[in-house]
Amino acid sequence: MTRIGVFDLFTVGIGPSSSHTVGPMRAARDFALAVSACRADRAITSLHVDVYGSLAATGQGHNTFGAILLGLEGNDPERIEPDYARRRVQEIEAGAAMRLAGTALNFTSRDLQLHPLLVRGAHANELRFRVSFDSGAGVDETYYSVGGGFIEKSGSPALPGSHAEEPFPFDSAAELLAHCTESGLSIAEIMLANEKSQRSTAEVRSGVLGLWTTMRECIDAGFRATGFLPGGLQVPRRAAGIVTGLRDSGQTSELEWATAAAMAVNEENAAGGRVVTAPTNGAAGIIPAVLFSALRANHGRGDDASAVIEFLLTATAIGTLYKKRASISGADLGCQGEVGSACSMAAAGYAALSGGTPEQIENAAEIGMEHNLGLTCDPVGGLVQIPCIERNGMGAVTAIHAARVALHGNGSHHVSLDAVIETMRITGADMDAKYRETSRGGLAVTVAQC
Ligand code: SF4
């Protein structure tokens with residue numbers, strides 16, 4: 001049984017995409033570290049980077065190519081400053097040397113070999129890096145960016161989590177609910193017990209609250225920023241105007257504030273700002289927005305820190321099921337994998353903060369996905385802007401409603417969460433590739449780009 005925890009699913013990165021920006025930067029960095037480790041005093045004579053499938057098809061709009069250059073220089077998406085990232089990519093593209101493992105190379109995004117129609121291996125998001133040394137030896141590694149910033153290296157274990165013994169291991173919602181029934185613990189308490197197999201309670205609390213701080217900073221930055229988003233579509237930022245209107249009118253509706261907060265986060269993401277994958281960048285707005293809105297409405301009953309931890313641990317429990325049993329990647333399963341998964345996770349968190357039982361929380365998560373089944377990924381211009389920004393707003397509203405519907409019942413329902421996740425997996429597998437983050441179908445081809 002593979003372990004996925006809260007700090008695997010929620011990580012700090014930069015926009016606009018976890019699979020197309022954060023994952024490629026991590027892969028390139030991992031490769032750079034491998035080159036450093038085996039280079040010794042040999043000189044690097046050549047570097048080849050092949051970019052396949054969805055990464056090549058929409059890489060321009062997702063800043064994939066700049067992320068690869070930054071990763072090759074050893075940068076980490078969790079720590080790199082967004083302003084530095086933008087400036088450094090511009091410098092390299094303008095002719096400054098790119099430094100790989102201490103060697104200055106003339107290598108820009110124009111040297112990347114793009115294969116947008118080619119899916120060779122286990123996943124549509126593939127990268128192959130090759131370096132040759134003057135000795136004739138070299139390093140040759142292939143990576144897959146599988147969604148949410150997770151990367152897999154060809155020939156290595158699939159997931160980053162350790163296999164340490166957890167007190168409550170689960171791979172299905174049925175197993176999770178059985179643990180709750182037998183132990184009398186809530187879903188969040190089950191997750192906390194599992195997290196404590198890796199780190200102390202204090203470390204879990206401070207780490208989760210740190211994630212929330214980054215989420216809040218992202219919402220606030222989006223509420224302040226105005227102007228147009230980068231990329232050429234001339235998409236205006238709207239969250240700041242919406243929030244000004246809400247404040248001026250004294251509007252307190254949870255749904256209105258959740259919509260504004262989700263759009264704020266995704267505008268920041270589209271601008272290459274600092275975001276938390278939740279569980280991906282494209283869907284990064286829904287979970288922070290629903291939590292923000294719930295805290296505003298005092299669903300945390302006055303103890304915001306405990307509410308944040310309960311919400312995010314509950315959402316994590318649900319998110320691990322999507323990661324293990326299906327996928328959270330738009331290139332795998334369309335937008336149901338990104339916005340659908342985030343909506344389901346947020347619905348579970350909201351139901352938990354509202355006092356829901358484990359069965360009601362499972363029901364909320366199921367409703368949150370059921371009405372996103374079949375949702376395609378068709379970003380206009382390959383940019384994570386249209387439909388992504390508004391879609392996060394809609395996803396946040398659906399999550400709150402899903403939880404409210406579930407809380408009207410007693411947790412008993414027809415479609416189990418496990419069944420809806422399996423339906424989502426099969427639906428995504430049946431989906432034509434043009435609806436899976438290639439920008440070759442849907443809005444991406446019917447909307448004029450001028
Ligand atoms: S349409 Fe959905 S899956 Fe595709 S890039 Fe936008 S948010 Fe991500």
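**Salt bridges, pocket and cavities**

Q: In this predicted model, which residue does the side chain of Lys153 meet in a salt bridge?
A: The contact runs from N to O at 3.4 Å. It links distant parts of the chain, with Lys153 in strand β8 (residues 150–153) and its partner in helix α2 (residues 18–39), 123 residues apart. The partner of Lys153 is Asp30.

Q: Is Asp30 buried, partly exposed or exposed?
A: Buried would need a relative accessible area under 20%, and exposed one over 50%. Asp30 has 28%, so this residue falls in between those cut-offs. Lys153, at 25%, gets that label too. Asp30 is partly exposed.

Q: About how many helical turns separate Asp83 and Arg86?
A: Their side chains meet in a salt bridge, 2.7 Å from N to O. Both residues belong to helix α5 (residues 82–93) and sit three residues apart, so the separation is about one helical turn.

Q: How does Asp83 count, buried or exposed?
A: The cut-off for exposed is over 50% relative accessible area. Arg86 has 37% and is partly exposed. Asp83 has 52%, so this residue counts as exposed.

Q: Where in the chain is Asp171, the partner of Lys324?
A: The closest N and O atoms of this salt bridge are 3.0 Å apart. Lys324 lies in helix α12 (residues 304–325), and 153 residues separate the two, so to speak a link between distant parts of the chain. Asp171 is in the loop between β8 and α6 (173–183).

Q: What relative accessibility does Asp171 have?
A: Lys324 is partly exposed with a relative accessible area of 25%. Asp171 counts as partly exposed as well, at 24%.

Q: Which residues do salt bridges that share partners join into one network?
A: By the distance rule, the count for the model comes to 21 salt bridges. Some of them share partners, and the network they make consists of Arg3, Asp8, Glu166, Glu195 and Arg199.

Q: Which element gives the largest share of the lining of the largest pocket?
A: This pocket has a volume of about 650 Å³, and 34 residues line it, with Gln60, Gly61, Asn63, Thr64 and Val89 nearest its centre. The elements giving two or more residues to the lining are α2, α3 (53–58), α4 (64–72) and α5. The largest share, six residues, comes from α5.

Q: How many charged residues are in the lining of the largest pocket?
A: Sorted by class, the lining has 15 nonpolar and 17 polar residues. The charged ones number two.

Q: What is the volume of the largest cavity?
A: The structure holds two cavities of 30 Å³ or more. The largest is lined by 17 residues, and Cys335, Glu338, Cys377, Val384 and Cys388 are the closest to its centre. By class, that lining has nine nonpolar, four polar and four charged residues. The volume is about 150 Å³.

Methods. Residues are numbered from 1 along each chain as its sequence is written. This is a predicted model: local features need pLDDT of at least 70, side-chain atom pairs count only at pLDDT 80 or more; totals for chains, interfaces and linings use all residues. Side-chain values use heavy atoms; hydrogens and water are left out. A salt bridge is a side-chain nitrogen of Lys or Arg within 4 Å of a carboxyl oxygen of Asp or Glu. Helices (H or I, at least four residues) and strands (E, at least two) are DSSP runs, numbered from the N terminus. Buried means under 20% relative accessible area, exposed over 50%, partly exposed in between (1.4 Å probe, protein chains only). On a 1 Å grid over the protein atoms alone, a cavity is a set of points where a 1.4 Å probe fits but cannot get out, and a pocket is an open set with protein on both sides within 12 Å along at least five of seven lines; lining residues have an atom within 4 Å of a point. Grid points are joined across faces, edges and corners, and a volume is the space filled by probe spheres set on the points. Ala, Val, Leu, Ile, Met, Phe, Trp, Tyr, Cys and Pro count as nonpolar, Asp, Glu, Lys and Arg as charged, and the others, Gly among them, as polar.
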